[in-house]
Amino acid sequence: MVTYIRQLLFNHNCVVVPGLGAFIANYQPARLLAHESKICPPSKSIAFNRSLRQNDGLLIMQVARQEQIAYKAAEDQVMAFSRSCVEALDKHRSFLFKDIGRLYYDQDSNLLFEPADTVNFLIDANSLPVLDLQPIERLKQG
């Protein structure tokens, strides 16, 4: 299921996992990391909104298309995945969505999301590397 969520994040800015919440992708322009001497390409940063739990059909349709199954069967799979995420969070206080991020409970039982930085979900820039800046050596005129 995580693979389908990951696929959808490349083309959509919101992927709802019914009963769990939504992954939100926000455009981030290229940025300079002066303290690390790097330039990062533009990207989509991923956030999680627990309030958006209502099924919008996007994830279920993706599952139905990819697995060539009926909508109802895909809906059952998505809902089972959602329940397993909630159960894992309750039991282990953490759940990893590979290449997307990690949901976890803090010490005050607040649900938090830590995005992964392994994939650039902005299609136009996902193959652009992080560039290392090299200092320019100036020749002294003599």
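**Questions about a predicted model**

Colleague: Is I39 buried, partly exposed or exposed?

Modeller: Happy to start there, keeping in mind that this is a predicted model. The relative accessible area of I39 is 32%. Buried would need under 20% and exposed over 50%, so I39 is partly exposed.

Colleague: Thanks! Which strand holds I39, and which residues form a nonpolar surface patch with I39?

Modeller: I39 sits in residues 38-40, which are strand β4. Together, the patch residues have about 340 Å² of accessible area. Besides I39, the patch is formed by L32, L131 and L133.

Colleague: Are helices α1 and α2 roughly parallel or roughly perpendicular?

Modeller: Helix α1 covers residues 2-11 and helix α2 residues 58-67, and their axes lie 10 Å apart. The packing angle is about 110°. Angles of 65 to 115 degrees count as roughly perpendicular, so α1 is, relative to α2, roughly perpendicular.

Colleague: And is the crossing of α1 and α2 left-handed or right-handed?

Modeller: This concerns the pair that packs with axes 10 Å apart. The crossing of α1 and α2 is right-handed.

Colleague: What about H12: buried, partly exposed or exposed?

Modeller: H12 is found in the loop between α1 and β1 (14-17). Its relative accessibility is 31%. That value falls between the 20% and 50% limits, so H12 is partly exposed.

Colleague: Last one: is S51 buried or exposed?

Modeller: Look in the loop between β5 (43-49) and α2 for S51. Its relative accessibility is 68%. Since exposed means over 50%, S51 counts as exposed.

Notes: Residues numbered from 1 in each chain as written. Predicted model: local features only at pLDDT ≥ 70, side-chain atom pairs only at ≥ 80, totals over all residues. Heavy atoms only, no water. Patch = residues over 30% accessible without salt bridge, like charges linked within 9 Å, V, L, I, M, F, W, Y side chains within 5 Å. Areas by Shrake-Rupley, 256 points an atom, 1.4 Å probe, with all protein chains shown as cover. Salt bridge = Lys/Arg side-chain N within 4 Å of Asp/Glu carboxyl O. Helix = DSSP H or I, 4+ residues; strand = E, 2+ residues; numbered from the N terminus. Buried < 20%, exposed > 50% of the residue type's maximum accessible area, 1.4 Å probe, protein only. Axes fitted to C-alpha atoms, helices over the stretch in contact; angles between N-to-C directions. Parallel < 35°, antiparallel > 145°, perpendicular 65-115°, else oblique. Left-handed = near helix turned anticlockwise from the far one by under 90°.
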